[in-house]
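Please look over the sequence and the structure below before reading on.

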Amino acid sequence: MNRWLGSTGERPGRLSVKATVSDGIRVLTVAGDIDFDTCQKLQHALEPSDPLRPCVVVDMRQVTFMDSSGINVLLAAYRTHSTAGGWLRLAGPTGAAKRALELVGLDTVIDCHETLNQALNA
């Protein structure tokens, strides 16, 4: 399963989300800015697709910016997935996204891993 959420003609920094599945775990590869204008795209992609046990890894290696809107979307998704008996993990946050996660302490709530492989196998 591969799909890009967002048009290919978007300007640099705009958000794109690619959804794939690895060993039954949904992986969302996110690229660009997560902010007020783009967070609905991420929120939509994070909606549980497996009602039994939603397990999702968000690959953040290509995220260039994240504001409080992104923090709120990730926190809400974490709660939704946890309540449903699943989990949400983050892989490879760097730069501004990593600083935003650390600033609000979300990196201590949601499992954060340096690599996608670590997040998939945690």
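**The nonpolar cores**

The largest nonpolar core has 26 residues, and those with the most contacts inside it are Val30, Leu46, Met60, Met66 and Leu74. Two or more residues of this core come from each of β2 (16-22), β3 (25-34), α1 (39-45), β4 (55-66), α2 (68-83), β5 (87-91) and α3 (95-104). With five residues, β4 gives the most to this core. Apart from it lies another core, of eight residues, including Ile25, Trp87, Ala91 and Leu120. A nonpolar core here is a set of buried Ala, Val, Leu, Ile, Met, Phe, Trp, Tyr and Cys residues joined through side-chain atoms within 4.5 Å. Buried means under 20% relative accessible area, exposed means over 50%, and partly exposed is in between (1.4 Å probe, protein chains only).

This is a predicted model, in which local features need pLDDT of at least 70 and side-chain atom pairs count only at pLDDT 80 or more, while totals for chains, interfaces and linings use all residues. Residues are numbered from 1 along each chain as its sequence is written, and side-chain values use heavy atoms, with hydrogens and water left out.

The chain has four helices and six strands, and along the sequence they follow the pattern β-β-β-α-β-α-β-α-β-α. Helices (H or I, at least four residues) and strands (E, at least two) are DSSP runs, numbered from the N terminus. Of the 122 residues in the chain, 45% are buried. Among contacts (heavy atoms within 4.5 Å) between residues at least 6 apart in sequence, 61% join residues at least 24 apart.

Leaving aside its neighbours within four places in sequence, leucine 74 touches Leu42, Leu46, Met60, Met66, Leu88, Leu90, Leu101, Leu106 and Ile110.

Leu101 is also one of the buried residues of α3, along with Ala97 and Ala100. Seen down the axis of α3, these buried residues fall within an arc of 95° (taken from the directions from the helix axis to the C-beta atoms), so they line one face of the helix. An α-helix has 3.6 residues a turn, so residues three or four places apart point the same way. On the other side of α3, Arg99 and Leu103 are exposed. The buried residues of α3 are covered by elements including β4, α2, β5 and β6 (111-113). After α3 comes glycine 105, with a positive phi near 80°.

Strand β4 also holds aspartate 59. Is aspartate 59 buried or exposed? At 2% relative accessibility, aspartate 59 counts as buried. Beyond its neighbours within four places in sequence, aspartate 59 is in contact with Leu28, Thr29, Val30, Ala91 and Leu116.

Aspartate 23, in the loop between β2 and β3, is exposed, at 77% relative accessibility. Its phi is near 50°, a positive value in a residue other than glycine. Most residues other than glycine have a negative phi, and most peptide bonds are trans.

Cysteine 39 is buried, at 10% relative accessible area, whereas cysteine 112 is partly exposed at 30%. With a disulfide taken as a pair of cysteine sulfur atoms within 2.5 Å, the count comes to zero disulfides.

Arginine 89 lies over the face of tryptophan 87, at 3.5 Å from the ring centre. The rule for a charge over a ring is that NZ of Lys or CZ of Arg is within 6 Å of the ring centre and within 35 degrees of the ring normal.
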